[in-house]
Amino acid sequence: MKTNIVLIGFMGTGKTAVGKRLASILKKNFYDTDQEVEEVTGMTISELFNRCGEIRFRSEENLAINRLAKNENSVIATGGGIILDENNIAALAKTGIMICLTAKPEIIYERVKRRNNRPLLKKGDLYERILELMEEREDLYKCADFYIDTSDLDFQDVIDQILQFLENYQQQDKVDMKRA
Ligand code: S3P
């Protein structure tokens with residue numbers, strides 16, 4: 001049985017905040033792939049991108065994911081680009097239930113514009129860049145067990161929907177295990 005919960009989704013969809021809350025409600029450990037990378041490298045994500053480039057960041061991200069996916073009973077919030085490497089998805093999906101948070105581009109824009117600390121959103125016009133990256137990644141995010149469009153939901157609604165989904169998922173899991 002999978003005991004991890006993995007949050008994937010585009011930048012600004014609320015993975016970290018939702019993940020922390022979920023972990024506290026479900027009494028699971030909380031991990032964030034960006035935070036892990038920052039701890040291991042001793043650099044912020046922006047510093048890592050600036051000094052060593054995206055390729056190094058992706059490699060550190062992949063190492064962090066392989067480590068974290070081995071844990072049990074954890075909520076793992078991931079960086080928006082983990083879906084770029086299918087090995088990341090495979091490792092996380094092996095031990096975790098995958099939940100994808102989504103939001104409309106205009107909502108993402110409003111959420112990220114106040115604090116633009118994301119290296120990939122620093123090139124050119126912010127809104128255009130969001131559209132471009134979303135389009136590039138659209139199909140890659142289609143690897144989740146459950147999707148929530150957070151655009152018009154408040155924080156508690158998102159949490160409630162996830163808890164409801166997990167309850168149904170676990171019920172189904174029990175039925176499947178009895179049948180097997
Ligand atoms: C990235 C998303 C960021 C961070 C890095 C790259 C991406 O994480 O990992 O800036 O490629 O989408 P958040 O999704 O938590 O902002």
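User: How far is a polar side-chain atom of Lys15 from an oxygen atom of the ligand?
Analyst: This is a predicted model, where local features need pLDDT of at least 70 and side-chain atom pairs pLDDT 80 or more, while totals for chains, interfaces and linings use all residues. Residues count from 1 along each chain as written, and side-chain values use heavy atoms, without hydrogens or water. For Lys15, the pair of atoms (N or O, within 3.5 Å) sits at 2.5 Å.

User: Which residue has a side-chain N or O atom 2.7 Å from an oxygen atom of the ligand?
Analyst: Gly81 uses a polar backbone atom instead, 3.2 Å from a ligand oxygen. The side-chain atom at 2.7 Å belongs to Arg137.

User: How many residues surround the ligand?
Analyst: Lys15, Asp34, Arg58, Arg118 and Arg137 are the closest. Counting residues with a heavy atom within 4 Å, the total is 13.

User: How do H2 and H4 lie relative to each other, roughly parallel or roughly perpendicular?
Analyst: Helix H2 covers residues 33–41, and its axis (a line fitted to C-alpha atoms) comes within 9 Å of the H4 axis. The two axes cross at roughly 110°. Angles of 65 to 115 degrees count as roughly perpendicular, so H2 and H4 are roughly perpendicular.

User: What about H3 and H4: what is their arrangement?
Analyst: Helix H3 spans residues 45–52 and H4 residues 54–68, with axes coming within 7 Å. They cross at roughly 130°. That angle makes H3, relative to H4, oblique.

User: Which residues of H3 make this contact (heavy atoms within 4.5 Å) with H4?
Analyst: On the H4 side, the partners are Glu54, Arg56, Phe57 and Glu60. From H3 come Ile45, Leu48, Phe49 and Cys52.

Notes. Axes are lines fitted to C-alpha atoms, for helices over the stretch in contact, and angles run from 0 to 180 degrees between N-to-C directions. Helices (H or I, at least four residues) and strands (E, at least two) are DSSP runs, numbered from the N terminus. Angles under 35 degrees count as roughly parallel, over 145 as roughly antiparallel, 65 to 115 as roughly perpendicular and the rest as oblique. Contact means heavy atoms within 4.5 Å. A polar contact is a pair of N or O atoms within 3.5 Å; within protein, one must be able to donate a hydrogen and the other to accept it, and residues adjacent in sequence count only if both atoms are side-chain atoms.
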